[in-house]
Amino acid sequence: MSMHTAIIADDEPWIVEGIKAAVDWGKFGFEVIGDAEDGQAALALIEALRPTLVFTDIKMPAMNGLELIQRGKAVSPDTLFVVLSGHAEFAYAQKAINYGTFGYCLKPFEIDEIHGMLARIAQHLESSEKKATPAHSYELYEAVCAGDLDRIGRLLDKSGMPVSIGTPLVPVVVQGQHTPPAVPGGVCLSFPMSSRRHGYLMEERRKAAFLQGMSGGGRSVEFGVGVGPSLSDVAELDAALEAASLAAYGMFATGRPGIYPASASERPIEEQLREIARTLERKDRLGFIAAMESAKAGFRNGAFTIKEAYVLYTSVLYLFPREGSRPSGRFFEGYEQLYYRYGTAEAMVDDLTTMTLDSFAESVETAESRISHKKVKEIVLYIRNRFNQELSIQSLAEQFYLSPNYLCQLFKREVGETIVEHISRQRIEYACKLLEETDLSIYQVGEKCGFQDYFYFTRIFKRYRKMTPTQYRERS
């Protein structure tokens, strides 16, 4: 059963919500894509969305139901209308039949009555000629890719969508759907851009209603939608479509589906890349983790796009030849391959981090290699990647499903030192590295190692190194 679209127009919100919620629209192949509380708003939706069906009240502000039917059929001839009316308005309902409506439902409604109406409409549509689908313009996208401006102009004119300053167009790109979302025929030009990316081109005045219909009448969008800038010249179409396509990857960057407008501002990621390069050069494990977490936060809050994700991925891989090794990742030819492999930027960053940490060369035998107990080995690795964070025996016990007492006994037996001693030693070794290789202040070094108190850091450092951090730096 093909999916049809419906709009409900009634100035009583409780009636609209009641019909939307109580009626089993999907059973009869329908989906409610919009609603309006007055005739004028309903007419705007009809013109923009060209729905299959409109349920309309008779008495509404701004424009009554009879006028809505007349004007609605003028802008969308294929749309069917069903009148919602009370018994007192029965004469109006009968008059509406003469205007070409499919039928009427009297208030108060019986859900079975509306179901019966939908069943008859579905049968009528099935036996009738198929509704016009969005105008597919494969030629248009080919012309855009080829940069053939004359051909683009001719195709737009032929489709009844000429572009000019007076009638600007807007491109919209949907990312992440094998099947493009259903939109009413005649609203826009539609063209596939890849197996899971679909483009639309429409007049700017239709954009708001189109996006409302895309979200299914108030529900959250379940895919990535990129909205490009408006254009008033065919020469601007290529860049506008590229901007919309990039914006549609907002779902990849933030990890959240939704509607993303194109951004004209640059989003530099160079500072993060410089910090990542510095940490890799110093073989600074924790510094690298922190830099990658910072980049991940940038994607999550929308500061970076898939463009920055691509730069980050390839840059980190290129940094490895200096170290004589390369992670098991592979380079990508474009954004789409990156999207298909990872789905979100956060998953990409996590994978890069794991690959990189696994590739760090160990100059001395690590504690993990001498540990036979699998659970303790996991705990030691966990601490090694997070010892500059707030860790406690209780939190570790909960993380690894052990009792605190058993954890302490098991760790001391396998590692040869207590958990507190192990964390402190890791922090001091890292502090020595930072004191030798950076110009950070003593306070900043202590903070990066997990010590929030300067004097406590100095005391613990002196216990392990028999000198203060300042003396250690001067000696180095």
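Helix H2 (residues 39-49) has Gly 39, Ala 42, Leu 43, Leu 45, Ile 46, Ala 48 and Leu 49 as its buried residues, where buried means under 20% relative accessible area, exposed over 50% and partly exposed in between, using a 1.4 Å probe and protein chains only. Helices (H or I, at least four residues) and strands (E, at least two) are DSSP runs numbered from the N terminus. This is a predicted model, in which local features need pLDDT of at least 70 and side-chain atom pairs count only at pLDDT 80 or more, while totals for chains, interfaces and linings use all residues. Residues are numbered from 1 along each chain as its sequence is written, and side-chain values use heavy atoms, with hydrogens and water left out.

**Helix H2 and its surroundings**

- The buried residues of H2 pack against strand E1 (4-9), strand E2 (30-36), strand E3 (53-57), H3, E4 and helix H8 (207-214); contact here means heavy atoms within 4.5 Å.
- Where H2 starts, the backbone nitrogen of Gln 40 has a side-chain oxygen of Asp 38 within 3.0 Å.
- Arg 50 sits in the loop between H2 and E3 and counts as partly exposed, at 22% relative accessibility.
- Ser 76 belongs to the loop between helix H3 (65-75) and strand E4 (80-85).
- With a relative accessible area of 4%, Ser 76 is buried.
- Setting aside residues up to four places away in sequence, Ser 76 touches Ile 46 and Arg 50.

**The whole chain**

- The protein chain has 22 helices and eleven strands.
- Of the 476 residues in the protein chain, 49% are buried.
- Take the contacts between residues at least 6 apart in sequence: 66% of them join residues at least 24 apart.

**Helices H11 and H12**

- Two packed helices are described by the angle between their axes and the distance between the axes.
- Helix H11 (residues 270-281) packs with helix H12 (residues 285-300) at an angle of about 165°, and their axes are 8 Å apart. That angle makes H11 roughly antiparallel to H12.
- Axes are lines fitted to C-alpha atoms, for helices over the stretch in contact, with angles running from 0 to 180 degrees between N-to-C directions.
- Angles under 35 degrees count as roughly parallel, over 145 as roughly antiparallel, 65 to 115 as roughly perpendicular and the rest as oblique.
- H11 and H12 cross in a left-handed way, meaning that the near helix is turned anticlockwise from the far one by less than a right angle, whereas clockwise would be right-handed.
- On the H11 side the contact is made by Gln 272, Glu 275, Ile 276, Thr 279 and Leu 280, and on the H12 side by Gly 287, Phe 288, Ala 291, Met 292 and Ser 294.
- Five of the residues in this contact of H11 with H12 are nonpolar, four polar and one charged. Ala, Val, Leu, Ile, Met, Phe, Trp, Tyr, Cys and Pro count as nonpolar, Asp, Glu, Lys and Arg as charged, and the others, Gly among them, as polar.

**Helices H16 and H19**

- The axes of helix H16 (residues 374-384) and helix H19 (residues 419-437) come within 10 Å, crossing at roughly 40°. H16 is therefore oblique to H19.
- The crossing of H16 and H19 is right-handed.
- Val 380, Ile 383 and Arg 384 of H16 make the contact with Ile 419, His 422, Ile 423 and Gln 426 of H19.
- The residues of this contact of H16 with H19 comprise four nonpolar, two polar and one charged.

**Individual residues to look at**

- Gln 175 is in strand E7 (residues 169-175) and is buried, with a relative accessible area of 0%.
- The side chains of Gln 175 and Arg 197 make a polar contact at 3.2 Å. A polar contact is a pair of N or O atoms within 3.5 Å; within protein, one must be able to donate a hydrogen and the other to accept it, and residues adjacent in sequence count only if both atoms are side-chain atoms.
- Gly 446 lies in helix H20 (residues 442-449) and is buried, at 1% relative accessible area.
- Leaving aside neighbours within four places in sequence, Gly 446 is in contact with Phe 451 and Phe 457.
- Lys 466 is in the loop between helix H21 (454-465) and helix H22 (469-475) and counts as exposed, at 68% relative accessibility.
- Lys 466 has a positive phi near 60°, in a residue other than glycine.
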